[in-house]
Amino acid sequence: MRARTARRLSYDAIGIVVFAILIFPIYWMVATAFKPGRDILRFDPRWVPAPATLANFSDALSRPFFWSSVRNSLIVVLTVVAVSLMLAFLAAVGVARFGFRGRRAFVVMLLVVQMVPLVALVIPIYLLLDGFSLTNTLLGVIITYLAVILPFMTWTLRGFVANIPVELEEAAVIDGCTRMGAFLRIVFPLTAPGLVATAIFAFIQAWNEYIVAYVLLSDPGTQTLTVWLAAFTTNHGTDWGPLMAGATLTSVPVVAFFLLVQRHVTAGLTAGAVKG
Amino acid sequence: MCAAPMTTESAPAALGPRTGTLATRPARRRRLSVRAAPYLLIAPTVLVIAAVMAYPLGTLVSLSLQHYGLRELLAHQGTWVALENYRAIVADSLFWQVVGRSVLFTGAGVAISMVLGTLLALLMERVSGPVRLLLSGGLIFVWATPVVVAIDIWQWMFDYEFGVGNWLLSNAHVANLRHYNWFENPLQGFAIITALVVWGALPFLAITLYAGLAQVPRELVEAAECDGAGPWHIFWQVTAPIIRPLFLILLSLSTIWDFQVFNQVWIMLNSRPSSGYYLMGVYSYVESFRVDQFGSGAAIAVVMVLVLLVATFVYIRQMAQTGELDR
């Protein structure tokens with residue numbers, strides 16, 4: 001018994017050390033963001049941000065193109081979320097509720113498409129959109145993100161819809177609902193949690209994406225937040241304080257949302273291999 | 001097979017597998033509108049994917065068979081050169097270096113993150129409740145960190161002058177790293193990049209594997225313990241075979257993700273990586289957008305996609321075996 005307790009305690013100790021190592025980079029970002037400049041550029045690091053300052057944040061916010069990047073990111077992300085949610089939901093219902101010829105091919109296609117590297121696709125997409133004069137426009141980025149995000153969203157929503165017993169719908173039809181009515185009253189409300197989860201997922205994906213935005217939006221006035229953040233370092237000598245403040249600000253919405261949907265992302269990628 | 005991937009509280013999966021779909025019920029007459037319905041429903045999604053994924057993929061292949069430089073870019077018209085681009089890259093020693101480097105980088109990244117992910121999952125199984133909560137909370141925070149942010153953080157941690165990583169390693173007497181530039185030597189630079197990639201990949205792997213471990217029946221482990229099997233034996237003889245399908249899925253996903261690494265190299269080296277840092281994605285990008293040789297850039301990208309197809313095939317086959325594709 002005592003040996004067992006000792007073993008558990010040592011596992012706990014290892015666990016705490018591992019936690020500290022894992023979380024340290026994030027801690028260091030936040031700590032740096034709150035430090036005054038003289039505490040950042042020190043050979044012997046200052047472990048806690050005391051005295052703390054908000055100067056780095058105000059510096060980051062007043063940098064050129066910060067606010068336009070935030071605005072661009074929001075436009076792109078919100079449009080992508082709204083449109084992709086609608087399209088993915090329709091497709092998910094199609095796959096989960098109907099047996100049809102080509103269904104399996106469609107499902108396999110959804111999975112395969114997710115594995116195509118964007119670095120490879122961005123070359124023809126750039127040329128394609130350039131032909132339509134859609135480079136340096138948010139519309140080009142929005143269309144590209146839609147295609148990137150739709151497969152995973154459809155796949156995930158399909159799982160939610162398939163989990164709603166058909167019998168519920170049939171009962172509603174027997175009680176006098178039309179099929180459309182049964183759908184709107186039964187399937188739609190029951191899928192709501194799934195719709196929220198996938199919407200948040202789309203939000204995170206679009207918010208974090210870098211290479212497509214980097215290639216398509218070369219004009220700083222149209223760039224998104226990740227491109228703005230990545231460009232921070234290209235000037236000789238980096239202002240680490242404002243950069244970490246900007247990085248912290250960029251992470252906040254994503255982290256907040258991610259905490260809500262993490263479980264669903266894991267399940268979607270591994271499907272039946274893990275119980276949800 | 002198993003319960004739903006997305007079990008929501010409001011949609012109990014416990015009601016058992018669905019026996020059919022509305023459209024295939026014999027009681028229901030198959031009207032034309034019902035038969036057309038699924039196609040109409042998936043049509044918009046198929047259309048978008050076809051236009052922005054499938055069509056460009058086709059363009060990529062045809063681009064790789066053309067000479068497409070700056071002049072062709074302005075004229076929106078390339079010159080057909082058949083397999084010339086492929087012949088050129090195959091004859092180029094830099095290309096083979098890049099392929100070799102990408103394979104090594106992927107192999108190292110996948111191996112390290114899978115081993116650490118498994119160890120972490122096993123650890124999570126053994127720690128007490130509060131520590132487990134702490135660990136999974138930490139993992140989720142790391143997972144949620146945007147890649148670009150993560151790259152900036154690691155760049156700062158290994159800054160040659162004031163990097164806290166350099167300070168820690170120096171003070172632990174691993175090496176004297178004051179004013180040490182990690183990125184002067186690509187091998188050391190890739191050590192940092194690999195650490196960053198592994199750090200970012202660990203949460204998904206560890207959390208998923210932990211969930212997978214929970215599926216191993218307690219009785220089997222106890223029976224093995226009774227028979228005198230050690231922990232090493234139990235892992236390989238009891239646990240591993242049960243989580244094998246999950247392991248294969250994660251292995252193929254990690255391979256796919258690590259082989260296409262671009263951002264970590266590109267941003268880490270301030271958009272100016274030397275050729276010693278080229279991975280497949282970076283090389284293809286530089287050829288296309290820096291050298292303005294879209295044809296040969298596309299050829300490199302096609303090779304990359306073909307390599308990834310192998311891993312994708314393993315992934316799809318494994319997913320099919322879980323029965324998930326037909327639900």
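His173(B) counts as exposed, because 7 C-beta neighbours lie inside 10 Å and a residue with 12 or fewer is classed that way. In this predicted model, His173(B) sits in the loop between α7 (164-171) and α8 of chain B. The phi of His173(B) is near 60°, a positive value in a residue other than glycine. Most residues other than glycine have a negative phi.

Asn270(B) also has a positive phi, of about 55°, although it is not a glycine. Asn270(B) belongs to the loop between α11 and α12 of chain B. Asn270(B) is partly exposed, with 16 other C-beta atoms within 10 Å. A further positive phi, near 60°, is found at Asp292(B), which follows α12(B).

| Residue | Other C-beta atoms within 10 Å | Class |
|---|---|---|
| Leu306(B) | 9 C-beta atoms | exposed |
| Asn270(B) | 16 C-beta atoms | partly exposed |
| Ala206(B) | 27 C-beta atoms | buried |

**Chain B and its helices**

Chain B contains 13 helices and two strands. Of its 327 residues, 43% count as buried. Among contacts in chain B with a separation of 6 or more, 64% are between residues 24 or more positions apart.

Helix α8 of chain B covers residues 186-213, which makes 28 residues; at 1.5 Å a residue these should span 40 Å, and the end C-alpha atoms are 38 Å apart, which agrees. α8(B) bends by about 40° at Leu202(B), and a proline, Pro203(B), follows within four residues. How much of α8(B) is buried? The count is 20 of the 28 residues, so α8(B) is largely enclosed by the rest of the structure.

Ala206(B) lies in α8 of chain B. Ala206(B) is buried because 27 other C-beta atoms lie within 10 Å, where 20 or more are needed for that class. Leaving out residues up to four places away in sequence, Ala206(B) touches Gly117(B), Leu120(B), Ala121(B), Met124(B) and Leu139(B). Ala206(B) and Met53(B) are 153 residues apart in sequence, and their C-alpha atoms are 31 Å apart in space.

Helix α12 of chain B (residues 280-290) has eleven residues, eight of them buried, so this helix too is largely enclosed by the rest of the structure. The buried residues are Met280(B), Gly281(B), Val282(B), Tyr283(B), Ser284(B), Tyr285(B), Glu287(B) and Ser288(B). What covers the buried residues of α12(B)? The cover includes α6 (118-131) of chain A, along with α4, α10 (231-259), α11 (263-268) and α13 (294-321) of chain B.

Leu306(B) lies in helix α13 of chain B. Leu306(B) is exposed, with 9 other C-beta atoms within 10 Å. Between the C-alpha atoms of Leu306(B) and Gly129(B), 177 residues apart along the chain, the separation is 45 Å.

**Chain A and the contact between chains**

Between the two chains, 101 residues of chain A are in contact with 102 residues of chain B. On the chain A side, helix α12 (residues 240-270) of chain A supplies the largest share, 17 residues. The residues on that side of chain A divide into 69 nonpolar, 24 polar and eight charged.

Chain A is divided into domain 1 (2-53) and domain 2 (64-273). The C-alpha centres of the two domains of chain A lie 33 Å apart. Seven residues of domain 1 of chain A are in contact with six residues of domain 2 of chain A. On the domain 1 side, the elements that give two or more residues are α1 (2-33) and α2 (37-40) of chain A. α1(A) gives the most, four residues. By class, this side of domain 1 has four nonpolar, two polar and one charged residues.

Pro51(A) is placed in the loop between α2 and α3 (55-61) of chain A. The peptide bond from Ala50(A) to Pro51(A) is cis, with omega near 0°. Most peptide bonds are trans.

**Confidence**

The model scores ipTM 0.88 and pTM 0.87. Chain B averages a pLDDT of 87, and 90% of the residues score at least 70. Over residues 1-20 of chain B, pLDDT stays under 50, and the model has 45 contacts beyond four places in sequence for them. Residues 22-27 of chain B also stay under 50, with nine such contacts.

How values were computed
Residues are numbered from 1 along each chain as its sequence is written. Chains are lettered from A and ligands numbered from 1 in the order in which they are written. This is a predicted model: local features need pLDDT of at least 70, side-chain atom pairs count only at pLDDT 80 or more; totals for chains, interfaces and linings use all residues. Ala, Val, Leu, Ile, Met, Phe, Trp, Tyr, Cys and Pro count as nonpolar, Asp, Glu, Lys and Arg as charged, and the others, Gly among them, as polar. Domain bounds come from an automatic or database domain assignment. pLDDT is the predictor's confidence in each residue, from 0 to 100. The expected span of a helix is 1.5 Å times one less than its number of residues. The bend at a residue is the angle between axes fitted to the seven residues ending there and the seven starting there.
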